[in-house]
Amino acid sequence: MVEVYKPQSLKEALELLEFNDCTVFAGGTDLMVKKKQWTGLEPCFDKPVVLISEIDELTEIKRDENYLYIGAACTFSQLIESSLIPEFYKCVFVEMASPSIRNMATIGGNICNSSPAGDCLPLLYALDANLLIQSSCRNFEVPIEDFIIGPGRNILKSGELVTKVKILNSNFNIIKYRKVGARKSTVLSKLSFIGLADMEDKRLHDIRLAFGAVAPTVVRNREIEAEILNMYSMGLVDVQEITGYYSILIRPIDDQRSTAKYRKSSCKRLLEDFIKSLL
Ligand SMILES: Cc1cc2nc3c(=O)[nH]c(=O)nc-3n(C[C@H](O)[C@H](O)[C@H](O)COP(=O)(O)OP(=O)(O)OC[C@H]3O[C@@H](n4cnc5c(N)ncnc54)[C@H](O)[C@@H]3O)c2cc1C
């Protein structure tokens, strides 16, 4: 039998986590798989569990004139239904798992699981998302790329919770998202790609490119993006040079979902298509 706590507020949750070594449980869609035993047996939790999915402060979505704030325990279904969430985020969220999983799975869980194949991660990297982290004694903010430090690894310490995802309001008018999987739904990515661009009167103001599941963490590189902007401003876009830059960063592996070769060549094609679509 596992001990389960259901705190009613963020303060109560943080106090519980300060004094007890517990497992944070949001939607449970990763945890129930990780803790499963043999078929038919209950999952095995070796520590007490703290349920956070119904804490109001963690399930709010707010927008002010500068930022969008998404509570870490918002489910993907809630995000898809919210009028505060930009439509292009939803293109990513609707490709995640299946409706029943999206009803449980949270954005905070996807981030904290820190899998290279986490579907919302390339979008959050491309948007320069920051995470708000809280424990009973401190609050701090960290860019998502400094939070995730390897496959399944992040900087979160015992007693800390990711409380919100903070994203600067932005204006992208060209968006391409592609999740490549073995089938259309309930499948983990072989790879994913997101390209965002802000283009007006054939002038490129901003470009963001991110690749998922092709390296230990999401691949995004601001120097290359700046170089692409530079190429556009001079009218000297060299697609081969751009794909060459990314070829060094994209270091996929062979696994049960795909081969390194397929992943790498698909990334190259998706990148080429996106860059050419801007010409
Ligand atoms: C059938 C199936 C299909 C799936 N398909 C996909 C898919 O297509 N794409 C994809 O990306 N994922 C997929 N997943 C994985 C999973 O659904 C997601 O990663 C989901 O977002 C996890 O969220 P959760 O709330 O269920 O996390 P949980 O399982 O509750 O938690 C995951 C981890 O994060 C920690 N955690 C959760 N919230 C917080 C917080 N706020 N602060 C600190 N720590 C926290 C937990 O302690 C745990 O270690 C699938 C899973 C299943 C079972």
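Modeller: What follows begins with the lysine, turns to a glutamate for contrast, and ends with the chain as a whole. This is a predicted model, in which local features need pLDDT of at least 70 and side-chain atom pairs count only at pLDDT 80 or more, while totals for chains, interfaces and linings use all residues. Residues are numbered from 1 along each chain as its sequence is written, and side-chain values use heavy atoms, with hydrogens and water left out.

Lys-179 belongs to strand β11, which covers residues 174–180; strands (E, at least two residues) and helices (H or I, at least four) are DSSP runs numbered from the N terminus. With a relative accessible area of 9%, Lys-179 is buried, where buried means under 20%, exposed over 50% and partly exposed in between, using a 1.4 Å probe and protein chains only. The side chain of Lys-179 forms a polar contact of 2.5 Å with the side chain of Asp-119, and a polar atom of the Lys-179 side chain lies 3.0 Å from the backbone oxygen of Glu-95. A polar contact here is a pair of N or O atoms within 3.5 Å; within protein, one must be able to donate a hydrogen and the other to accept it, and residues adjacent in sequence count only if both atoms are side-chain atoms. Leaving aside residues up to four places away in sequence, Lys-179 also touches others, among them Met-96, Ala-97, Val-187, Leu-188 and Leu-191, where contact means heavy atoms within 4.5 Å.

Glu-54, by contrast, is exposed, with a relative accessible area of 55%, and sits in the loop between β3 (49–51) and β4 (61–63). Its side chain is joined to that of Lys-6 by a polar contact of 3.2 Å, and the C-alpha atom of Glu-54 is separated by 9.9 Å from that of Gly-27, 27 residues apart along the chain.

The protein chain as a whole has eleven helices and 13 strands. Its radius of gyration is 20 Å, close to the 19 Å that the globule rule gives for 279 residues, so the chain is as compact as a globular protein of that length; the radius is taken over C-alpha atoms, and the rule is 2.2 Å times the number of residues to the power 0.38. Buried residues make up 48% of the 279 residues, and residues 24 or more positions apart account for 60% of the contacts with a separation of 6 or more.
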